[in-house]
Amino acid sequence: MINSLYIMNLSSLKRVYAQSDRDRINITSHVLRAPMDAADVYKHEIALKQVEVIFSGWGGPTLDEQFLQATPKLKAFFYAAGSLRTIVTEAAWERGIQFSSANSVNAIPVAEYTLSQILFALKQGWSMTRRVKEYQSFPPKPYREIAGAYGSTVGIISLSKVGKLVCERLKPFDVNVQVYDPYATDEQIRAAGATRATLAAIFAESDVVSLHAPLLEETKGMIHGDHFQSMKANASFINTARGEIIRQQDLVRVFGERRDLTAVLDVTDPEPPLRNDPLWKLDNVIVTPHIAGSEERECERMGALMVEEYLRYQAGVPLEHEVTRAQSHIQA
């Protein structure tokens, strides 16, 4: 049987790998010892020397030279979480280890959260909530600022896994979807039911702008004040990607000046914002505590996917969610 180990944040393990999935792993592999936290791995040299497959997730080990020397037989790494960029090193790629990630299913709840906020934003839901509280009654009609879904424009920044799922979920609605992604082909954008647009056009023309780009050196601070200032009257901005991709001080300035705009931020920089951050003073900026990704039962979907990937690996068939070296650098 294949020798395996669990190495990840122990407080997350049972949320990610349900008992039924751990039972499947126990039946189909030889689990060398009890699950380990990444900080404790080097206390168990014998198990590391024998391990061939690692099941991991949040808090997984960094596969650097030290770890690779300690795990000479390691052939495959199953990561029940999102991007592998922070834990896989060039040395691990050189070694030829196979990697599989649950990034594609972790994207599902993010897309669901985003869809809910896009549709709510097109109805000016947050703005109306603020106005009802202000009036302590219903504000006077007609509500001319409410675009609604029909014929509205939604701008998607990055056709990442989440971006693609959001586009897919928008297809039943009568909205025009525009995508900015310099890496996506015209065919990929058409398949998503969208049209290509520049980043400037996304902000200037969209009723809702939703950010799904990966955090890379070239995307840090990519979204700035000019983009926010160019937004249509009563438009909304949603960020479920990473806080560092936007210049948050620019958002605070522009949204402080333009109270017609609404921002929904599930990610910030830093996270959470400091207690005296001016972001807290803006009632047109909604901050949620990084809840878009997998939570509670949703986490089990990631572990189940990695068990399925392991069974494919065991059977010698291609992995369906393998992450290659090239993909790892742009994976959101």
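This is a predicted model: local features need pLDDT of at least 70, side-chain atom pairs count only at pLDDT 80 or more; totals for chains, interfaces and linings use all residues.

Let us begin with an open sheet of five strands, which pair in parallel in the order β2-β1-β3-β4-β5. At its edges are β2 (29-31) and β5 (98-101), each of which pairs on one side only. Direction ignored, neighbouring strands in this sheet are turned by 25° against each other on average.

You can follow one pairing in more detail. Strand β4 (residues 76-79) runs parallel to β5, and four bridges link the two. If you find F78, its bridge partner in β5 is S100.

Which strands does helix α13 lie across? Helix α13 (residues 297-315) lies across β1 (2-6), β2, β3 (53-56), β4 and β5, and it runs at about 160° to β4.

Helix α2 (residues 19-28) has four residues to look for: D21, R22, I25 and T28 are its buried ones. Viewed down the axis of α2, these buried residues fall within an arc of 135°, so they line one face of the helix. They pack against β1, β2 and β3, and also against the helices α1 (10-16) and α13.

Now move to helix α6 (residues 103-122) and helix α7 (residues 125-135). Their axes are 6 Å apart, and the two helices pack at an angle of about 55°. Because of that angle, α6 is described as oblique to α7.

Which residues make the contact? From α6 come Q117, F120 and A121, while α7 brings G125, W126 and T129. Sorted by class, the contact of α6 with α7 has three nonpolar and three polar residues, with no charged ones.

## A second sheet and its helix

There is also an open sheet of seven strands, again with parallel pairing. Its order is β8-β7-β6-β9-β10-β11-β12. The edge strands here are β8 (195-196) and β12, each pairing on one side only. Strand β7 (residues 175-180) runs parallel to β8, and two bridges join them. Look for V179, which stands opposite R196 in β8.

Helix α12 lies across β10, β11 and β12, running at about 145° to β11. Within α12 (residues 248-257), the buried residues are Q248, D250, L251, V252, V254 and F255. The elements that cover them include α11 (225-229), β10 (236-239), β11 (262-265) and β12 (285-287).

Is I108 buried or exposed? With a relative accessible area of 17%, I108 is buried. Setting aside residues up to four places away in sequence, I108 touches L165, R169 and R301. The C-alpha atoms of I108 and A191 are separated by 18 Å, and these two residues are 83 residues apart along the chain.

Next comes A70, found in helix α4 (residues 65-70). Why does A70 count as buried? Its relative accessibility is 18%, and buried means under 20% relative accessible area. Apart from neighbours within four places in sequence, A70 is in contact with Y42, L48 and K49. Between A70 and A47 there are 9.4 Å in space, C-alpha to C-alpha, and the two are 23 residues apart in sequence.

How values were computed: Residues are numbered from 1 along each chain as its sequence is written. Side-chain values use heavy atoms; hydrogens and water are left out. Axes are lines fitted to C-alpha atoms, for helices over the stretch in contact, and angles run from 0 to 180 degrees between N-to-C directions. Angles under 35 degrees count as roughly parallel, over 145 as roughly antiparallel, 65 to 115 as roughly perpendicular and the rest as oblique. Contact means heavy atoms within 4.5 Å. Ala, Val, Leu, Ile, Met, Phe, Trp, Tyr, Cys and Pro count as nonpolar, Asp, Glu, Lys and Arg as charged, and the others, Gly among them, as polar. Two strands pair if DSSP finds at least two bridges between them. Buried means under 20% relative accessible area, exposed over 50%, partly exposed in between (1.4 Å probe, protein chains only). The arc is that of the directions from the helix axis to the C-beta atoms.
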